[in-house]
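Work through the following exercises with the sequence and the coordinates at hand, and try each task before reading its solution.

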Amino acid sequence: MTVIRIAAVVIENPHGKILSVRKRGTTALMLPGGKIEPGEEPIQTAAREIFEEIGLDLPLSELTYLDTLTAPAANEPGATVRCDVFIWSGTLDHLPSVRAEIDEACWCDVSSTSPKLAPLSRDVVFPRLRGKRG
């Protein structure tokens, strides 16, 4: 089985909705982030990918490690993603402009179970966030 190592960031708006993005040529909405490069720490990947995808320059000191979580990959059949998930301590009051390979950004309710959400968000991260708020 192929395991894809990624890092992603939970970014909330003032209403508690979670930023999700859709990569070009795909249908699933997922947390912004991406593949960990050789020699790169997951937190560095998270910050780099956020800057590349949506133009936010997040200081590493504002990212808190949530956990390393796994789920079926949304865009690569038969593969699994193993994701270091970080939570940004700030909030974003606007929908960011998309860049690089991102075609769409939107706000998703943490209670969503939409089939449009990637399995990692829908089945693992969002339930974990609901539990933290509960």
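This is a predicted model: local features need pLDDT of at least 70, side-chain atom pairs count only at pLDDT 80 or more; totals for chains, interfaces and linings use all residues.

Residues are numbered from 1 along each chain as its sequence is written, and side-chain values use heavy atoms, with hydrogens and water left out.

**Exercise 1.** Determine how many disulfides a search of the whole structure finds.

Solution. A disulfide is taken as a pair of cysteine sulfur atoms within 2.5 Å. The closest cysteine sulfur to that of Cys-106 belongs to Cys-108 and is 4.0 Å away, which is too far for a bond.

**Exercise 2.** Classify Cys-106 and Cys-108 as buried or exposed.

Solution. Buried means under 20% relative accessible area, exposed over 50%, and partly exposed in between (1.4 Å probe, protein chains only). Cys-106, at 16%, counts as buried, and Cys-108, at 9%, is buried.

**Exercise 3.** Describe the surroundings of Met-1.

Solution. Met-1 has 80% relative accessibility and counts as exposed. Leaving out residues up to four places away in sequence, Met-1 touches Gly-78 and Thr-80, where contact means heavy atoms within 4.5 Å. Gly-16, 15 residues from Met-1 in sequence, lies 35 Å away, C-alpha to C-alpha.
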